[in-house]
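Thank you all for making time this morning.

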Amino acid sequence: MTETTQTHRPTAPPSGAAARSPEFRLALDALRGLRQDLFHDAFAYRPLPRVSADGPITRRLKGRLGQYAAWTPHALVVSAGLLAMLVGTESSRGEALNLFVGLLALAPVLLTLVRPVGAFWASLVAAPLSGMFYGGWYEPWPWPPGSFVTHLTVLTVVAVRTRPRTAAWMWALTLAYGLLADTLLGSGYYDSNTGPMLILSAIILLIVAVLHIRRQARQEVTAQQTVTEHERSRRTLLEERTTIARELHDVVAHHMSVVAIQAEAAPYRVENPPPELERAFATIRENAVAALTELRRVLGVVRAEDYEAPEAPQPTLADLDALLANVRDAGLTVDKVVTGAVRELPQGVELSAYRIVQETLSNTLRHAPGATARVEVGYVLGGLGLRILNGPPPHPALVKPSPGAGHGITGMRERVSMLNGEMTAGPTDEGGYEVAVFLPVATVSEGEA
């Protein structure tokens, strides 16, 4: 029996970053945040901006009054500084020191206009300096009256101009200064106002932080709504283009198939056709088949896997009566007027005209319930004119906004643009809505040319 002895070497303790506990890393990150917020470029020049001209108050003011209103934040800060200066001056010991104590109270507040973080440090330094010129054990410590007002003002302005984390660091340093001053130098004073300072500053900073978070959330919601609206409009446009591509595929594929069949059958319609004619028809058929194959390869990709081609033919202007009957059943009073010589138009024009009328009447049902509508179809030389007009809703206050408003107009413009047509859409003076479209159609002479 053989006994094997194994020696286990002790594992070396991890070093460097691996040896640091989560608490140590958390404290290190906190110190880095403190350095970044209150020490790095503490006295950087950051002037307080004026109020925007598009603000809720300034946009209602005109002329010089609106220009002066843009300086409202600066006026409020200066007023708070003068108040702190007045409080500090009235509470000092002697007349000779009034000006100096007042300037110690005023300077940090004014500094927030250009160097906000530096103003916080100036306020902390000014507090013990002001305390040196107050006499008697009965005076409040460590925040003399002027410094008390100054520090609260500085904390408020700096918190408004920075982020909530900076406000938290300022409150923590205010707490540290108050405890240190009470412990080391507060024995000769009767009353300490560190508690009131901490409570008031915490309430103010909490309110400012909530306003910061609310404003940031509102900006994020606005940005998200803008992106969502853009994506919805883009998706609607892509869906409309996909529908047009499907319909274009059906229309062109049908005609190309007819060309191929007729080219194949044409030689059999003539007795003893010459070889040149047979080769010409064979070439036409080959080109038609090749074009049809390429068309299906390019446009067929837009068909969804579950898309089923409609068994019925695509609608045309001849189907407008059935469409109007359907919308009348839905409660819309609509009239149709046809002018000009009715003639057969290209299938793409007929289909687009039908879809435009359909979408416009759907918008009328959705956005102007109870209104009357009128559809005008004009067959003119060189094209087709459409005018769909609806009156104002009888009860506008009961009309609810539609989340998809405007996207149907985008699809109609896409159809008109595909056919090189023109379109205008907008409200009428009577409170209704009007859509006018012209779709050009080449005449026989233009086609032959």
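Let me begin with a definition, since I will need it in a moment: the expected span of a helix is 1.5 Å times one less than its number of residues. Please also keep in mind throughout that what you are looking at is a predicted model. With that said, helix 5, which runs over residues 116–131, has 16 residues and reaches 23 Å from its first C-alpha to its last, close to the 22 Å expected at 1.5 Å a residue.

If we take the contacts with a separation of 6 or more, residues 24 or more positions apart account for 73% of them.

Let me return to helix 5 and ask what covers its buried residues. Those buried residues are Pro116, Val117, Gly118, Ala119, Phe120, Ser123, Leu124, Ala126, Ala127, Ser130 and Gly131, and what covers them includes helix 1 (22–39), helix 4, strand 1 (140–141), helix 6 and helix 7 (164–185). Helix 6 is itself largely enclosed by the rest of the structure, because 13 of its 17 residues are buried.

That brings me to the way the helices pack. In general, two packed helices are described by the angle between their axes and the distance between the axes. For helix 4, residues 98–111, and helix 6, residues 145–161, the axes come within 9 Å and cross at roughly 5 degrees. Angles under 35 degrees count as roughly parallel, and so helix 4 is roughly parallel to helix 6. On the helix 4 side the contact is made by Ala105, Pro108 and Val109, and on the helix 6 side by Gly146, Thr150, Thr153 and Val154. Sorted by class, this contact has four nonpolar, three polar and no charged residues.

Is Thr150 buried or exposed? With a relative accessible area of 2%, Thr150 is buried, and, leaving aside its neighbours within four places in sequence, Thr150 is in contact with Ala84, Ala105, Pro108, Val109 and Ser123.

Now consider helix 1 and helix 7, whose axes come within 10 Å and cross at roughly 100 degrees. These two helices are therefore roughly perpendicular to each other. The contact is made by Ala30, Gly33, Leu34, Gln36, Asp37 and Leu38 of helix 1, together with Arg165, Thr166, Trp169, Met170 and Leu173 of helix 7, and by class these residues divide into six nonpolar, three polar and two charged.

Let me move on to the nonpolar cores. The largest has 30 residues, and of these Leu361 and Leu384 touch the most other members. The elements giving two or more residues to this core are helix 10 (320–329), helix 11 (347–367), strand 4 (372–380), strand 5 (383–390), helix 12 (407–418) and strand 7 (433–440), and helix 11 gives the most, with six residues. Apart from this core lies another, of 28 residues, among them Leu48, Phe120, Trp143 and Leu205. As for Leu384, its contacts beyond four places in sequence are Leu317, Leu345, Val349, Ala353, Val377, Gly378, Tyr379, Val437, Phe438 and Leu439.

In strand 7 we also find Tyr433, which counts as partly exposed at 31% relative accessibility. Tyr433 and Gly391 are 42 residues apart in sequence, and yet their C-alpha atoms are 6.7 Å apart in space. Not counting residues up to four places away in sequence, Tyr433 touches Ile388, Leu389, Asn390, Ile409, Ala425, Gly426, Pro427 and Thr428.

I will finish with two loop residues. Asp41, found in the loop between helix 1 and helix 2 (64–69), has a phi near 50 degrees, a positive value in a residue other than glycine, and counts as exposed at 54% relative accessibility. Asn420 lies in the loop between helix 12 and strand 6 (422–427), with a phi near 60 degrees, a positive value in a residue other than glycine, and Asn420 is exposed, with a relative accessible area of 67%.

Key. Residues numbered from 1 in each chain as written. Predicted model: local features only at pLDDT ≥ 70, side-chain atom pairs only at ≥ 80, totals over all residues. Heavy atoms only, no water. Axes fitted to C-alpha atoms, helices over the stretch in contact; angles between N-to-C directions. Helix = DSSP H or I, 4+ residues; strand = E, 2+ residues; numbered from the N terminus. Parallel < 35°, antiparallel > 145°, perpendicular 65-115°, else oblique. Contact = heavy atoms within 4.5 Å. Nonpolar A, V, L, I, M, F, W, Y, C, P; charged D, E, K, R; others polar. Core = buried A, V, L, I, M, F, W, Y, C linked by side-chain atoms within 4.5 Å. Buried < 20%, exposed > 50% of the residue type's maximum accessible area, 1.4 Å probe, protein only.
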